Amino acid sequence: MAIIKFKNIKSNLQHVIDYGKNGDKTENGALVSSINCGVATTYEEMALIKKFYQKEGGILGYHIIQSFDGFETSPENANKIGQQLAEEMWGDRFQVVICTHVNKQNVHNHIIINSVSFVDGIKYHNSKTNIAFIREVSDRLCLENGLSIIDTPKSNKEKEIAEKRIDNFNRRDDKMQEVINDIDEAIKSVKKYSDFKLALKAKGYSNIKDNGKYFSLKTPYYSRNVRINRVFGGDYSVQAIKERIYGYRKNETMPFANYNKKYYKKTFTGPKVDWKKYNYNIFYKWYIHALYWLGVLPAKVTVEEITVQDYKVRNKTKMVFEELSFINQSHSKSIEYIKTHKKEIEEKLPILKGERENLWFKHKKASSANEKAFILERINLISDEISTLYGQRNACTRIIDTYNRVYEEVEKEQAEKKKLIELTECRNKKIINKI
């Protein structure tokens, strides 16, 4: 049964870390692991974070002792459970070292946490609610590993109090209700998991962490990260969110690829409207209105089914035209220019995306309809630019790949010719020597 004890480290953090890493108690360091820092340089890295954020005073860290019932589990498994606990509780923001001791009548973990976050410098506060979370996670991990937990009238009373604290933190807080509403809206508004994260960023969420199992983020309502599945339960784990987005259910099997998918070709009969020109050229706008009045527009659309092979040919042809158009417009004269241009695009894209995210945040906070419309227009312009840059980057990637492939083939061909010439010369020398 796992027992959790807590201690605040107010002085000499290095001494506590050295005690935990003592080789005589950890089988010469084999039972020491760490998260977000190195095992050998734990103290130095923790002290560096404190110095960087100028928070070298107050509580220096937290010392948590996780004790098991005798040797009901192996030291290696105990250390693994300690790692899982540390990863789930603090893995997204804090440095942690886990030391498993075997020098007493039972195996136990010494978990030492840096009080300052390496992400934003905010200090960790080991509140009663956080303690309740730690005990809840520890008990769950023990049960998952087939270990016992404390089951006494006193412990059951403490669990009941802890559950009330957790429930109050999770669902009775108005701010938490805002968070869950935003998450539900983001899930309903997207078709891909990657877009789900972008939708949250547009709503003002940041520092989104996803390790495939746990999902945490920084909300506009709190100064710290919130672990979503811990707060709102298993329905908000990474897998559950993906199932809701893609429409899968737990009892259903994932569908295989649809090999009977049909492809269609759209044909437009009529002039193509340049909407960018339409927005700023009054004469062009009159011309388009006249076409609508005469019935030339809207363009007539005919749809016909095509084979998979035709679709692939059309797609490949489209990409070739994009590459040729890019080369013509940029006046590219060498592969080095294309590589440089691709690098410049990759540096520019994050800046534009960040600017767009800030505009979405301003759009959410804007009070007047005119201000929202103005911001939305700027967002659309940036989105168009991002789309153009993505197209150019993909064209650059394909050009570089084609160049590398052709270069390798030419090199291989030249090497074979050289080898053939050498063999021919060698054979001629042998013939001459025989003569």
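Predicted model: local features only at pLDDT ≥ 70, side-chain atom pairs only at ≥ 80, totals over all residues.

Visitor: Okay, and which residues of α11 are buried?

Guide: Those are Y284, I288 and L291. They sit on the same side of α11, because they cover an arc of only 55° around the axis.

Visitor: What do the buried residues of α11 pack against?

Guide: They pack against α10, which is residues 275-280.

Visitor: How does the length of α11 work out?

Guide: It agrees with what you'd expect. Helix α11 has 13 residues, 282-294, and at 1.5 Å a residue they should span 18 Å; the end C-alpha atoms are 18 Å apart.

Visitor: Let's step back a bit. How many helices and strands are there in the chain?

Guide: The chain has 14 helices and 10 strands. It runs to 435 residues, and 35% of them count as buried.

Visitor: And what about the surface?

Guide: The accessible surface of the chain comes to about 27700 Å², with 53% of that belonging to carbon and sulfur atoms.

Visitor: What share of the contacts join residues at least 24 apart?

Guide: That's 68%, taken among contacts between residues at least 6 apart in sequence.

Visitor: Back to helices. Which residues are buried in α2?

Guide: In α2, residues 42-52, the buried ones are T42, M46, I49 and K50. They cover an arc of only 100° around the axis, so they lie on the same side of α2.

Visitor: What's exposed on the other side of α2?

Guide: L48, K51 and F52 are exposed there.

Visitor: And what covers the buried residues of α2?

Guide: The cover includes α1 (13-20), β4 (96-101) and β5.

Visitor: What follows α2?

Guide: Q54 does, and its phi is positive, near 55°.

Visitor: New topic: how many aromatic pairs are there?

Guide: A search of the whole structure finds eight. One of them is Y62 with Y124, an edge-to-face pair at 5.5 Å centre to centre and 85° between the planes.

Visitor: Where do Y62 and Y124 lie?

Guide: Y62 is in strand β3 (residues 61-67), while Y124 is in the loop between β5 (108-114) and α4 (128-144), so the pair ties together parts that are 62 residues apart in sequence.

Visitor: Is Y62 buried or exposed? And Y124, buried or exposed?

Guide: Y62 is buried, with a relative accessible area of 5%. Y124 is buried too, at 10%.

Visitor: Which aromatic cluster includes Y62 and Y124?

Guide: Y62, W90, F94 and Y124 form one aromatic cluster.

Visitor: Why does the pair of Y193 and F196 count as stacked?

Guide: Their ring centres are 5.9 Å apart and their planes are at 25°, so the pair is stacked; the cut-off for stacking is under 30 degrees. Y193 and F196 are three residues apart in helix α7 (residues 193-202), which means about one helical turn separates them. Both of these residues are buried.

Visitor: Which residue's charged end sits over the ring of Y193?

Guide: K242 has its charged end over that ring, 5.0 Å from the centre. There's also K285, whose charged end sits over the ring of Y278, 5.3 Å from its centre.

Key. Residues numbered from 1 in each chain as written. Heavy atoms only, no water. Phe/Tyr/Trp six-rings, centres within 6.5 Å; stacked < 30°, edge-to-face > 60°. Helix = DSSP H or I, 4+ residues; strand = E, 2+ residues; numbered from the N terminus. Buried < 20%, exposed > 50% of the residue type's maximum accessible area, 1.4 Å probe, protein only. Lys NZ or Arg CZ within 6 Å of the ring centre and 35° of its normal. Contact = heavy atoms within 4.5 Å. Areas by Shrake-Rupley, 256 points an atom, 1.4 Å probe, with all protein chains shown as cover. Expected span 1.5 Å × (residues − 1). Arc of directions from axis to C-beta.
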